[in-house]
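Notebook open, structure viewer open. I want to jot down what I look up as I go.

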Amino acid sequence: MQYMEISNKSVQEVIDSLKEVASKYKYGIQHIHNVKETLNSKGIDLGNECQIVDICNPIVAQKFLSEDMSLSIIMPCKISVYTQDGDKLIAMNSLVQLVDDINPDLIELAQEVLELLLEIIDEVK
């Protein structure tokens, strides 16, 4: 399942808002992948803007990883901000679904994290 919101802001404005808002929720931005710039540097024109944000809360990461290190394959959480058909979209995969595929015992924690991430997205859109 994907969560998707349309924004009236530009992609860069959403990214800038994410940088500001994440810390309020005790999340940090680990890296921002600017896919359009990366592809352009390799001579490929994507056309659409696309930035992918790696976002993480260290306490949550420790909880997940102390229970099951294989959850590291879905970390950090990713929020994608991109343009498509003239819309600016903010999207992420369901953390609950991703965790359920690996360790169903941690679905409750995944649901709590997902709800916080969706609050962040709602605030920055």
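My entries on the sheet, a helix pair, the cysteines and one valine follow.

**Ground rules.** I'm working with a predicted model, where local features need pLDDT of at least 70, side-chain atom pairs count only at pLDDT 80 or more, and totals for chains, interfaces and linings use all residues. Residues are numbered from 1 along each chain as its sequence is written, and side-chain values use heavy atoms, with hydrogens and water left out.

**Sheet.** I looked up the strand order first. I got an open sheet of five strands, β1-β5-β4-β3-β2, with antiparallel pairing. At the edges I found β1 (2-7) and β2 (28-34), each pairing on one side only. Neighbouring strands here are turned by 20° against each other on average, direction ignored. Strands are DSSP runs of E, at least two residues, and helices are runs of H or I, at least four, numbered from the N terminus. Two strands pair if DSSP finds at least two bridges between them. I then checked β2 against β3 (residues 50-56): they pair in the antiparallel sense over six bridges. I32 sits opposite V53 of β3.

**Helix pair.** How do α3 and α5 run relative to each other? I have α3 (residues 58-67) and α5 (residues 107-124) packing at about 160°, axes 11 Å apart. The axes are lines fitted to C-alpha atoms over the stretch in contact, and angles run from 0 to 180 degrees between N-to-C directions. The two helices are therefore roughly antiparallel, a label for angles over 145 degrees. I listed the contact residues too: V60, K63 and F64 from α3, and L109, A110 and V113 from α5. Contact means heavy atoms within 4.5 Å.

**Cysteines.** How many disulfides does the structure hold? I count zero, taking a disulfide as a pair of cysteine sulfur atoms within 2.5 Å. Buried means under 20% relative accessible area, with a 1.4 Å probe and protein chains only.

**V21.** Is V21 buried or exposed? At 11% relative accessibility, V21 counts as buried. I find V21 touching I120, E123 and V124, leaving out residues up to four places away in sequence. From V21 to H31 I get 15 Å, C-alpha to C-alpha, for 10 residues of sequence separation.

How values were computed: Buried < 20%, exposed > 50% of the residue type's maximum accessible area, 1.4 Å probe, protein only. Parallel < 35°, antiparallel > 145°, perpendicular 65-115°, else oblique.
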